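Me: I have a structure open and want to go through some parts of it. Can you take my questions as they come?

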Amino acid sequence: MASRLIDSLATTGALAEVFSDRSILQAMLAFEGALARAEAAAGMMPARAAQVISTAATADNFDAAALALEARESGTISIPFVKALTARVQVVDPASARFVHFGATSQDLADTAMVLTIRRACSVLSADHGRLAGALRNLSDLHARTLMLGRTLLQPAPPITFGLKVAGWVAALSRGWARFEKASHEAAFLQFGGASGTLAALGDRGLTVADRLAADLELQVPDAPWHTERDRLAALVASAGIYVGALGKMARDISLLMQDEIAEVSERGGGSSTMPHKRNPAGCAVALAAAARMPSLVSAFLSGMVQEHERAVGGWHAEWPTIASALQATGSALAAMLDVASDLNVDADRMRANIERTNGAIFSERVVMLLAPGLGKETANGLARDALDRSRETGKTLREVLLGMPDVTHVIPPSVLDRIDVPEDYLGAAEALRLRLLKADS
């Protein structure tokens, strides 16, 4: 049984329930009940047998711990599970017991149960993504004109708006979600092939049963069983990894902006066990932890794709824990950043003060661009560096220094230099880009 303490930062309550023993058992039982009904409809078992099997297919009173122990001996949870379900049916109607799991194989049961579980998990994730995207769009609109430093290689750069930064998060998350949503749809396929993937045990009615089974479970019917073709699931896990990476980028930005010497944004919570003055980036830490774990989970799944012949040994057996961990990590990061975005404190005054603290140095590019047409870029760069050196030595602003340099005022009129360090005048296409990013998300 998973530890709630160990997994507390690796999942959410909703996703922990989706991947709980009871939930997994119910997914497996859903397959067996639907299989019995499909085969009865195809004339392969008595209606009475399908009814008894369906009635027995509830998760109550199954011993998950005993099934898990037996699974280690058989190499799959399916074998002890089918044995336990058969025993249940036997008690009610011995004649019906021989039809349990009729014509299916262990991997049919395991893979379809996994697909059903994935579908439930994706529904939980979809709701949270929608809320996060909405919260970020509102935050971007609210701060469309909130000025802040751009930062490149962790150093001050020309100004941007906080709204533009947030719109970048929105767009990346939306692209990531589109990939994940497409992959989750493509993964929602029935697995039903029997021993060698030919449905030979069902004679000429195998495809009919498959169609009825898929319809009952509301799954898509593949062209053929995919016992050793795991590309759809690989795409799902990989897209989850990309999406969590986008969440991690957002968390990294916010955590850096929360540093006390920057102090431009802050989460509402996040205390310290020993230092009452601290407000730690708690939500960001949860998302960054997930982002740190996801690459190894994606790698683990991709490593297991190379599976032999019609049924593999070890490859698909490794997938359940990997997929469960990947989707729960995705949900954990998503829920954490939803909390952060929904109640993020933005200090616009501090953002402005940090721009002013550079003494205008961040506008050196602007100076070069104004000087270069008349003097050439090399000379322009030299004058800008001289002005920056004087600014650092004297404590004067870059604007004040430039106004005292005849080589500069000869090219750039004082009326232009007077506004050389006004950040609103050097935003370029920031707002147009912000709107384009949000339009792409909608």
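Me: Which helix is S78 in?
Reply: S78 lies in α5, residues 78-92. Helices here are DSSP runs of H or I with at least four residues, strands are runs of E with at least two, and both are numbered from the N terminus. This is a predicted model, in which local features need pLDDT of at least 70, side-chain atom pairs count only at pLDDT 80 or more, and totals for chains, interfaces and linings use all residues. Residues are numbered from 1 along each chain as its sequence is written, and side-chain values use heavy atoms, with hydrogens and water left out.

Me: Is S78 buried or exposed?
Reply: S78 counts as buried because its relative accessibility is 1%. Buried means under 20% relative accessible area, exposed means over 50%, and partly exposed is in between, with a 1.4 Å probe and protein chains only.

Me: What does S78 touch?
Reply: M28, S106, L109 and A110, leaving aside residues up to four places away in sequence. Contact means heavy atoms within 4.5 Å.

Me: OK, now α2 and α3. At what angle do they cross?
Reply: The axes of α2 (residues 21-41) and α3 (residues 47-56) cross at roughly 170 degrees and come within 8 Å. Axes are lines fitted to C-alpha atoms, for helices over the stretch in contact, and angles run from 0 to 180 degrees between N-to-C directions.

Me: Parallel or antiparallel, then?
Reply: α2 and α3 are therefore roughly antiparallel. The cut-offs are under 35 degrees for roughly parallel, over 145 for roughly antiparallel, 65 to 115 for roughly perpendicular, and oblique for the rest.

Me: Which residues meet there?
Reply: From α2, L29, E32, G33, A36, R37 and A40; from α3, A47, A50, I53, S54 and A56. The residues of this contact divide into seven nonpolar, two polar and two charged. Nonpolar covers Ala, Val, Leu, Ile, Met, Phe, Trp, Tyr, Cys and Pro, charged covers Asp, Glu, Lys and Arg, and the others, Gly among them, are polar.

Me: Switching to α11. How many residues does it have, and what is its reach?
Reply: α11 (residues 282-303) has 22 residues and spans 33 Å from first C-alpha to last, close to the 32 Å expected at 1.5 Å a residue. The expected span is 1.5 Å times one less than the number of residues.

Me: Where does α11 bend?
Reply: At R293, by about 30 degrees, and a proline, P295, follows within four residues. The bend at a residue is the angle between axes fitted to the seven residues ending there and the seven starting there.

Me: Which residues of α11 are buried?
Reply: G283, C284, V286, A287, L288, A290, M294, L297, V298 and F301. These buried residues pack against α10 (231-257) and α12 (319-342).

Me: What does A287 touch?
Reply: A251, A333, A336 and M337, residues up to four places away in sequence not counted. A287 has 0% relative accessibility, so it counts as buried.

Me: Last one. Where is P423, and what does it touch?
Reply: P423 sits in the loop between α18 (414-417) and α19 (430-441). P423 is buried, at 4% relative accessible area. Leaving aside residues up to four places away in sequence, P423 touches L147, P159, R352, I355 and F363.
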